[in-house]
Amino acid sequence: MLGAGRLRGLGTRAAPLWPGRAGSRGLGARIRARGVSTSWSPVGAAFNVKPQGRRLDLFGERRGLFGVPELSAPEGFRVAQENALRKADLLVQRVCSVAPGPQTVLIFDELSDSLCRVADLADFVKIAHPEPAFREAAEEACTSIGTAVEKLNTNVELYRSLQKLLADKKLVDSLDPETRRVAELFMFDFEISGIHLDKEKRKRAVDLNVKILDLSNTFLMGTNFPNKIEKHLLPEHIHQNFVVAGNHVIVDGLHAESPDDLVREAAYKIFLHPNAGQLRCLEELLSNRDLLAKLVGYSTYSHRALQGTLAQSPETVMQFLEKLSDKLSERTIRDFEMIRGMKMKLNPQNSELMPWDPPYYSGVIRAERYNIEPSLYCPFFSLGACMEGLNTLFGRLLGITLYAEQPAKGEVWCEGVRKLAVVHESEGLLGYIYCDFFQRAGKPHQDCHFTIRGGRLKEDGDYQLPVVVLMLNLPHPSRNLPTLLTPGMMENLFHEMGHAMHSMLGRTRYQHVTGTRCPTDFAEVPSILMEYFANDHRVVSQFARHYQTGQSLPKNMVSRLCESKKVGAAADMQLQVFYAALDQIYHGKHPLTASTTDILRETQEKFYGLPYVPNTDGRGALSQGDAGTRRGQGTDAHGARYASEMSFY
């Protein structure tokens, strides 16, 4: 799943080359290769041991988050944003004064980069940093940069500097294809932001975009908030499955893998119990998105958001979803019958299939049919072994090696974060991946990839190295036991590393189109491809080793595991169809024909097949995917991935 906060504007960008050998070597003649550091160490060992902590260092220099000097303290975000805004002002003046040509596009991209380098980093820190002061400072920086960006999107003088270039056919014909494409994308961003409107309406568009950004952030943060219930309202024997605080039980997720039907039911109904403030936020967000779309000339927000994607229009999307749903229908029914049969076998007194059942009972069927009880596999999937497996795969496919590097003091936000250098066999250092893999209090539950800094070719010939974060929620290793992954966790790891490799290998001259900054409906392709490697016995057998004995995972166990992935696949896919259809309806014609909850119920019954549970809200469409199935990640049924496109992000 791509980090939702920095997805704005991705839908307007061209897809870079992937998997990357050809793509990265295309810049090789112009980029000076990076040398190899002697401080790097093997990647597997770095993840299979518990960090021992740093030696006492009273005088060492504190570098700041991600090596940014200003960010050694929360106050540094204000300095960073002020520096970025000052640089942006100078670049605007510069691009408006130069003669139109290739330099125009380079300055636009530098302007984009100067803002993204603060906004992208802040967008991650505001949700992931354990210290409230850092989160608050980062959120303030996001708001400040976001407001400035919206003003730039409707800056007429800035627009005209680009228009002069694109209106001159001779100049356009002289541009190389990449430069021309990036220029066209910047122009497209102006157009969907309302540059063609009069001054009063342009200001209205800016105000709406800023409001949408604020509402999007509020809604997304709200989806992770736990719910609580008075302790006496729940059977005492299930209290131990939740956090108990005084007279209340705190429910912070769906507990979809719990073997206790009552625990899953309680978690589902409590965690998804309607929150009036969250529902108002959603309705206001959808309404404002619709107002913005109509203001800038689109019939619906969905038409605006899909412009520039592979799908191109909501009509195409809905046609695809309906056809897919029809094709899946019979297989989905068979899947549900199979799952219902297992529930009846284990719980004959309560055999009705409910939305909280498929993830657990599908797992039971896999374990019984293929003898793949997760506890049998976990010892073979230590985190270090899986990372070595990825390292071997990337080496064979792409000529890439991952090395662990010791971060500097203050560079990371939590002791358990690992830093990986990504090194190509001929081009040297390609970029860095920060691995925030382990559970901690207050950390979002979603597994995500965040772009912190995009790659681009700088004027001095150096290549600005991309920096990304992968965020998972794995158990910590102990002194005697490494982190052991279930097969599902292993697949998630491969998926997120697919995003990271996309960012490393999508090496373009311009950061506006680098890595995952591509059409939203292409962004998941490389990561889904990596899941196929995680499900191929030829790959799994190369790295799955018992953490104590070193024994390879037996071939028959590998084959059974890969075959078991097909269990419930149609029902999983049907769930995704439901999410996508709901997204389209919410962002379709307004005013909506019913409340968001009523639309959720109707769409679930039409496109999924399991009954809507009364007194649950729309968070189910966002949360089920993350807690229930691997395939649910990356889908936000409320359209959070469309949150306030901004042309310079």
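Me: Which residues have the most contacts inside the largest nonpolar core?
Reply: This is a predicted model, and in it the largest nonpolar core has 97 residues, with F381, M387, I433, F437, L493 and M501 as those making the most contacts inside it.

Me: Ok, and where does the largest share of this core come from?
Reply: Helix 21, which covers residues 569-586, supplies the largest share of this core, namely nine residues.

Me: Switching to aromatics, how many aromatic pairs does a search of the whole structure find?
Reply: The search finds 18 aromatic pairs. One of them is formed by Y159 and F190, an edge-to-face pair with 5.7 Å centre to centre and 75° between the planes. This pair links distant parts of the chain, since Y159 belongs to helix 6 (residues 156-167) and F190 to helix 8 (residues 177-192), 31 residues apart.

Me: Are Y159 and F190 buried or exposed?
Reply: Y159 counts as buried because its relative accessibility is 16%, and F190 counts as buried at 1%.

Me: What about F381, which aromatic pair does it form?
Reply: F381 pairs with F543 in a tilted arrangement, 6.2 Å centre to centre and 40° between the planes. F381 lies in the loop between helix 15 (374-377) and helix 16 (383-398), whereas F543 lies in helix 19 (residues 537-543), so the pair ties together parts that are 162 residues apart in sequence. F381 is buried, with a relative accessible area of 0%, and F543 is buried as well, at 5%.

Me: Which residues form one aromatic cluster?
Reply: F66, F124, W413, Y434 and F450 form one aromatic cluster.

Me: Last one, D123. Where does it lie, and what does its side chain contact?
Reply: D123 lies in helix 4, residues 102-128, and the side chain of D123 makes a polar contact of 2.9 Å with the side chain of K126. D123 is buried, with a relative accessible area of 3%.

Note on methods
Residues are numbered from 1 along each chain as its sequence is written. This is a predicted model: local features need pLDDT of at least 70, side-chain atom pairs count only at pLDDT 80 or more; totals for chains, interfaces and linings use all residues. Side-chain values use heavy atoms; hydrogens and water are left out. Helices (H or I, at least four residues) and strands (E, at least two) are DSSP runs, numbered from the N terminus. Buried means under 20% relative accessible area, exposed over 50%, partly exposed in between (1.4 Å probe, protein chains only). A polar contact is a pair of N or O atoms within 3.5 Å; within protein, one must be able to donate a hydrogen and the other to accept it, and residues adjacent in sequence count only if both atoms are side-chain atoms. A nonpolar core is a set of buried Ala, Val, Leu, Ile, Met, Phe, Trp, Tyr and Cys residues joined through side-chain atoms within 4.5 Å. Rings of Phe, Tyr and Trp (its six-membered ring) pair if their centres lie within 6.5 Å; planes under 30 degrees apart count as stacked, over 60 as edge-to-face and the rest as tilted.
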